[in-house]
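This report is for a reader meeting the structure for the first time.

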Amino acid sequence: MQPGQPSLTALGAARLRAAHQVLDNASILMDPLALRILGDDIQVSLDHARTHTSGPRLRWFIAARSRISEEALTEAVNKGATQLVVLGAGLDTLAYRTPLAGDLRIFEVDFPATQARKRDMLAAATIAVPDTLTYVGIDFERQTLAEALDAAGFVAAKRSFFSWLGVVPYLTETAVFSTLGYIAQLEGGAEVVFDYVNPAGSVAPAGRAAHQALAERVAAVGESLQSYFDTAPLCARMSAIGFRHVDDVGPDRIAARFFPESEHNAPARGGHIMHASTF
């Protein structure tokens with residue numbers, strides 16, 4: 001992140017979500033606000049998607065991680081969750097379109113500059129902000145999540161759901177586990193969905209070029225990837241800090257469920273989606 005500047009990778013992800021609605025006919029994620037929040041730059045979004053170094057797979061992955069998180073949220077609410085925390089919310093539109101908004105206290109947590117840009121874009125697109133939503137400004141590397149949420153009215157004793165998409169790879173390992181440790185110890189019980197990437201050395205050769213190209217692309221805009229995790233040690237460490245249920249959804253499972261059939265037998269590559277709960 002550049003000091004005082006909104007996240008460019010958040011904008012890039014929003015453009016891919018918008019392009020998914022058009023290029024893929026929203027086959028994975030139906031998001032009627034993805035185009036609206038970006039205003040008049042849909043052609044920019046389509047061009048961005050068509051020329052992306054990762055091809056369509058990153059676009060599909062971004063849609064898939066939101067789909068998995070949203071399905072998990074619905075299940076969590078059915079089981080008693082009353083608080084939704086969207087960590088590193090960027091230009092995500094979930095809080096503004098979910099039919100669950102009236103049943104949840106929602107907290108969007110992000111850098112203040114990114115939040116300010118988003119609020120301007122929401123206003124320009126005449127997208128209503130739910131009465132149940134609170135914006136929480138934070139620098140994940142300099143503040144604890146506990147401090148920021150407590151000040152915003154979050155209640156640790158209530159069951160909660162955390163959506164943390166497109167953020168973990170950009171944080172240090174220390175910041176990642178500080179946040180996971182906080183979530184794991186919430187007295188009301190909690191679950192989290194986040195995505196992460198394996199180290200380049202553990203990626204199949206067919207995927208390493210795309211892995212490196214993405215790393216170089218985000219570094220060029222000042223938002224370098226900082227954390228990589230091997231799957232088995234990550235799962236073990238999450239169990240050790242208090243998560244009772246840990247489900248890692250890897251590239252094979254993501255492709256089999258969401259990607260076109262022609263991609264099912266392609267070499268497995270791409271990010272992982274983790275769904276973990278303390279109950």
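How many nonpolar, polar and charged residues does the lining of the second largest cavity have? By class, there are one nonpolar, two polar and three charged residues in that lining, where Ala, Val, Leu, Ile, Met, Phe, Trp, Tyr, Cys and Pro count as nonpolar, Asp, Glu, Lys and Arg as charged, and the others, Gly among them, as polar.

## Basis of the model

This is a predicted model, in which local features need pLDDT of at least 70 and side-chain atom pairs count only at pLDDT 80 or more, while totals for chains, interfaces and linings use all residues. Residues are numbered from 1 along each chain as its sequence is written, and side-chain values use heavy atoms, with hydrogens and water left out.

## The two cavities

The structure holds two cavities of 30 Å³ or more. A cavity is a set of points, on a 1 Å grid over the protein atoms alone, where a 1.4 Å probe fits but cannot get out, and its lining residues have an atom within 4 Å of a point; the points are joined across faces, edges and corners, and the volume is the space filled by probe spheres set on them.

The largest cavity has about 40 Å³ of space and is lined by Pro6, Ser7, Ala10, Leu11, Leu91, Thr114, Arg117 and Lys118, of which four are nonpolar, two polar and two charged.

## Serine 160

Serine 160 belongs to strand 4 (residues 160-164), and it counts as buried because its relative accessibility is 0%, where buried means under 20% relative accessible area, exposed over 50% and partly exposed in between, with a 1.4 Å probe and protein chains only. The side chains of serine 160 and glutamine 83 make a polar contact of 2.9 Å, a term for a pair of N or O atoms within 3.5 Å; within protein, one must be able to donate a hydrogen and the other to accept it, and residues adjacent in sequence count only if both atoms are side-chain atoms.

## Histidine 272

Histidine 272, in strand 7 (residues 272-277), is buried, with a relative accessible area of 7%. Its side chain is joined to that of aspartate 248 by a polar contact of 2.8 Å.

How values were computed: 1 Å grid on protein atoms, 1.4 Å probe; cavity = no way out; pocket = protein on both sides within 12 Å on 5 of 7 lines; lining within 4 Å. Helix = DSSP H or I, 4+ residues; strand = E, 2+ residues; numbered from the N terminus.
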